[in-house]
Amino acid sequence: MSVTQTKTTTTTGVRRRSGSIKISAKSPMLNEIAKVDKYVVPELTISDLLKVIPPHCFERNGWRSALYLLQDIVVLAGLLYAAFNWIPLINPDNFYLPHPILYTAGRFSAWAAYDFVAGVTGVGLFYVGHECGHGAFATSKLANDIVGFFVHSFIALPYFSWKISHRAHHNNTSHLYKDQPHAPYLRHEWNLPTLNLGRENLEGSWVSSELQEAYSEVLEFTPFGSLLTLISQAYGWWWCLLFNAESEQNYPKVKKWFPFRDTMFTAKQHPEVLLSQAANLAWVAVVGWSINAFGLLPVFRTFLAPWLIYHHYLVLISFLNHSDPKLPHWETSEFTFARGALSTFDRDFMGGDSTFAKVTNWFAATLSHSFCEVHVVHHVCSKIPHYHAYEAKRHVDALLKQHGINLQGNPVTWAEGIRVATECKFIEDEGAVRFYKNAKGQATCVPVFASGPSNSDTPVS
């Protein structure tokens, strides 16, 4: 039996290494029992979740929301002022350094710090427009759309196109066939051998040693591949916008830019989609004019580098909020809105246990408006503004704890991104509730229903 890799893209569009390996039918079988957790399929309804949230958490105040937009503008303006007025002061006329190259290194480091902080602030700017798209910025639909359109157009995001398609994501979170971002690869998409219950079980709690090795030959990252995964996140968002990369296969290959070819948009929605396209083309024109007028390097270090950093973190956060070996994916028969909402993780942006990590989390969460810290509540009710979401989260978490559900994931870091990309390789072609399997074909969780059958008749080890 041969296993040949045919799938060529990762969660961010990076090509996986290809290869071909053979499994001998006569080799000895050694069953490897993986350590798996039991995932009790939640029976909570969306009404159960909403009624524990205090009523004032649903209140939206456009003026209060505007203060967070003002925060982003002030931070970016302050960074620009510092970059243009303070960084040039790093030269021999102002102070002595023992070697001339240190002045160049100092200016480079200062610009890198500017780009990083501006990029993280860009995540917050995205989230302001994101709340507009959900109607969480203000009570007025017109105010939401005006603010959202201009904010997202500034960062070259097609506001109305995204708003429409993003709604489908919220309605079908972790649905195997209807969700959009970070859709899992199925077994057959990797051209892996069909499930052989003599060598492995459906849940992934045991896999033969030989089969583990065979899977690893095809699915494991090389160190260079891991590096490319992080780098590619700078353009992965645009790869998704233009070519529908990493979305469920039922969606068209060209998504946000060509409404006349896109079944996601109705004829009534085409004017708004075309307006979004026009704004993005204007953005490209302005950037092109700026490069022609001021040069590539000034435009890159002032605007394009922060823009790429914002893209990187937007993709990383979105990926980690929705991908983990402990998060399920649902067949239509078992999917509910509540189960989809509870198939996401809250994570601390740049967080961790150390004092330094707590400081970096405060810094990142403040600038990004807690984009990833309150993601579960956001999926429970997307109209809750972020400044009420922490309080809502406390009440929802208390209810989930009563049902044995913990949706706090590891912090958003590069190491965590690589870990999840390494552990989340594929899911099976069958099963009502499915979890990711790693490069050895092993799963971390198996589903258990409070009432009724689980994924298969195979007992959980």
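Mentor: Helices (H or I, at least four residues) and strands (E, at least two) are DSSP runs, numbered from the N terminus. This is a predicted model, in which local features need pLDDT of at least 70 and side-chain atom pairs count only at pLDDT 80 or more, while totals for chains, interfaces and linings use all residues. Residues are numbered from 1 along each chain as its sequence is written, and side-chain values use heavy atoms, with hydrogens and water left out.

Trainee: In which loop is Asn 191 found?

Mentor: Asn 191 has a positive phi of about 60° although it is not a glycine, whereas most residues other than glycine have a negative phi. With a relative accessible area of 37%, Asn 191 is partly exposed, that is, between the limits for buried (under 20% relative accessible area) and exposed (over 50%), taken with a 1.4 Å probe on protein chains only. Its place in the chain is the loop between α5 and β5 (206-208).

Trainee: Is His 369 buried or exposed?

Mentor: His 369 also belongs to the residues other than glycine with a positive phi, near 60°, and it lies in the loop between α11 and α12 (375-380). Because its relative accessible area is 2%, His 369 counts as buried.

Trainee: How many helices and strands are there in the protein?

Mentor: The protein has 461 residues, of which 55% count as buried. Among contacts (heavy atoms within 4.5 Å) between residues at least 6 apart in sequence, 72% join residues at least 24 apart. The elements of the protein are 14 helices and eight strands.

Trainee: Which residues does Phe 126 touch, not counting residues up to four places away in sequence?

Mentor: In soluble globular proteins, nonpolar side chains tend to be buried together. Not counting residues up to four places away in sequence, its partners are His 152, Ile 155, Leu 157, Trp 162, Tyr 310, Leu 314 and Phe 371.

Trainee: How are α5 and α8 oriented to each other?

Mentor: Two packed helices are described by the angle between their axes and the distance between the axes, where axes are lines fitted to C-alpha atoms, for helices over the stretch in contact, and angles run from 0 to 180 degrees between N-to-C directions. For α5 and α8 the angle is about 130° and the axes are 6 Å apart. Angles under 35 degrees count as roughly parallel, over 145 as roughly antiparallel, 65 to 115 as roughly perpendicular and the rest as oblique. The two helices α5 and α8 are therefore oblique.

Trainee: How far apart in sequence are the parts that Lys 163 and Asp 145 tie together?

Mentor: Lys 163 and Asp 145 form a salt bridge with closest N and O atoms 2.9 Å apart, a salt bridge being a side-chain nitrogen of Lys or Arg within 4 Å of a carboxyl oxygen of Asp or Glu. Because Lys 163 lies in helix α5 (residues 159-171) and Asp 145 in helix α4 (residues 141-154), the pair ties together parts whose separation in sequence is 18 residues.

Trainee: Which residues do salt bridges that share partners join into one network?

Mentor: A search of the whole structure finds 17 salt bridges. In one of them the side chains of Lys 437 and Glu 428 meet at 2.6 Å, N to O, and both of these residues are buried. Through shared partners, the network is made up of Arg 187, Glu 200, Glu 428 and Lys 437.

Trainee: What separates the C-alpha atoms of Thr 336 and Glu 43?

Mentor: Thr 336 lies in the loop between β6 and α10 and, at 33% relative accessibility, counts as partly exposed. Thr 336 and Glu 43 are 293 residues apart along the chain, and the separation of their C-alpha atoms is 9.5 Å.
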